[in-house]
Amino acid sequence: MRPILAVTCGEPAGIGPEIALRAAWALRAEANSVLIGDAALLRRTARALDAAIDLHVISADAWRGGAALSSAATQLTVIDCPLAAPVIAGTLDPRNGMALLLTLDIAIEGALAGRFDAIVTAPLQKSTINDAGVAFTGHTEYLAEKTAIEQVVMMLAGAPPQTSASSLKYLRVALATTHLPLQQVSAAITFDGLTRTLDILHQDLQQKFGIAHPRILVTGLNPHAGESGYLGREEIDVIEPALKAARARGIDADGPYPADTLFQDKYLQRADCVLAMYHDQGLPVLKFATFGHGVNITLGLPIIRTSVDHGTALDLAATGIGRADHRSMIAAIEAALEMVAASRPGKPGTQ
């Protein structure tokens, strides 16, 4: 019984269509990955990659009208969202911005309706959509808006490479704040916000990862976690009270720890996730350890969503098809499959 995954193909001028095709085809026995993007572009890309790739195309209108997806493990279904302008690899075109939004809308509609078990997204170029006249800050915020969720949590995860000296098998780093200017971070870290973040993190580690008793280690905001207030009081005034309240609710959350020393095996071996206070506090460590095969996961949604840990790589796309590394897309699909198995085993929607 293969889970049905909606795989959005991302920025057409980048590596998204290539890595989506390659990963979906490689894992076709494990997942019925439904590609959502421009069918003509995907056909050209498939022919350049592997003549054996077989695509079954249906229109977006037909899908919305109930058209069936292919169930053959030797074929990939494409839901066609035609682009408005021809694609020049490496060159952005805002005329294609609305088609990119359509791919996301179809994926979200299908997941909310139970027609998809999860969403896996290839990287988008935010400026393509913004230049098309639609305010767009990213996948995470758009998914939250479309699913009417007030707060979501961004988490990146991955396994360090086998060549690493670390004995750590898996690393997860979640963020208390996401895409904010650094000068706004302190004001954005509030008792209520941390409370919701910890609740979401605890619940999704249980329900979507199958971890019965999640252990969460939390960083401080300031150097040396504030040095008892001499380097800042956010730890004393906000973070510590939020952690104390979380523990009273049965959440195993410990900290705040100095971020510069927390990311060591002796601490991480006893943690299921690290909660960092801001983007560039936690993610450089995660990406250094796992880049190229890490996964971006949005927690707190009523649906499962995973993505790659990198961008559109326009410069690489401009050099031609066949050069992109699709390991992160493989990891994103595999993570979605694991989350589907942990959260909705035996769901009738699978085939």
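This is a predicted model: local features need pLDDT of at least 70, side-chain atom pairs count only at pLDDT 80 or more; totals for chains, interfaces and linings use all residues.

Residues are numbered from 1 along each chain as its sequence is written, and side-chain values use heavy atoms, with hydrogens and water left out. Helices (H or I, at least four residues) and strands (E, at least two) are DSSP runs, numbered from the N terminus.

First, helix α9, residues 234-248. It has 15 residues and reaches 20 Å from first C-alpha to last, close to the 21 Å expected at 1.5 Å a residue. The expected span here is 1.5 Å times one less than the number of residues. Where is the kink in α9? It lies at E240, shortly before the proline P241, and amounts to about 30°. The bend at a residue is the angle between axes fitted to the seven residues ending there and the seven starting there.

On burial, the cut-offs are under 20% relative accessible area for buried, over 50% for exposed, and partly exposed in between, with a 1.4 Å probe and protein chains only. The buried residues of α9 are E234, E235, V238, I239, A242, L243 and A246.

The loop between β8 and α9 holds E227 and S228. E227 has a positive phi of about 50° although it is not a glycine, and S228, also not a glycine, has a positive phi of about 55°. E227 counts as partly exposed because its relative accessibility is 40%. S228 is exposed, at a relative accessible area of 65%. Just after α9, G250 takes a positive phi of about 90°. Further on, the peptide bond from G255 to P256 is cis, with omega near 0°, and P256 lies in strand β9.

Rolling a probe the size of a water molecule over the atoms shows where empty space is left. On a 1 Å grid over the protein atoms alone, a cavity is a set of points where a 1.4 Å probe fits but cannot get out, and lining residues have an atom within 4 Å of a point. Grid points are joined across faces, edges and corners, and a volume is the space filled by probe spheres set on the points.

How many cavities of 30 Å³ or more are there? The search of the whole structure finds two. β2 (32-37), α2 (39-49) and α4 each supply at least two lining residues, with the largest share, three residues, coming from α4. By class, the lining has 10 nonpolar, three polar and one charged residues. Nonpolar here is Ala, Val, Leu, Ile, Met, Phe, Trp, Tyr, Cys and Pro; charged is Asp, Glu, Lys and Arg; the others, Gly among them, are polar.

Staying with α4, is T103 buried or exposed? T103, in helix α4, counts as buried because its relative accessibility is 5%. Not counting residues up to four places away in sequence, T103 touches T8, I36, G37 and C81. M98 is also in helix α4, but counts as partly exposed at 47% relative accessibility. M98 and A132 are 34 residues apart in sequence and 7.0 Å apart in space, C-alpha to C-alpha.

Last, two loop residues. P86 is in the loop between β4 (76-80) and α4 (97-112), and at 68% relative accessibility it counts as exposed. F291 is in the loop between α12 (279-290) and β11 (295-299). F291 is partly exposed, with a relative accessible area of 48%. Leaving aside neighbours within four places in sequence, F291 is in contact with L286, D309 and H310.

Definitions and conventions:
On a 1 Å grid over the protein atoms alone, a cavity is a set of points where a 1.4 Å probe fits but cannot get out, and a pocket is an open set with protein on both sides within 12 Å along at least five of seven lines; lining residues have an atom within 4 Å of a point. Contact means heavy atoms within 4.5 Å.
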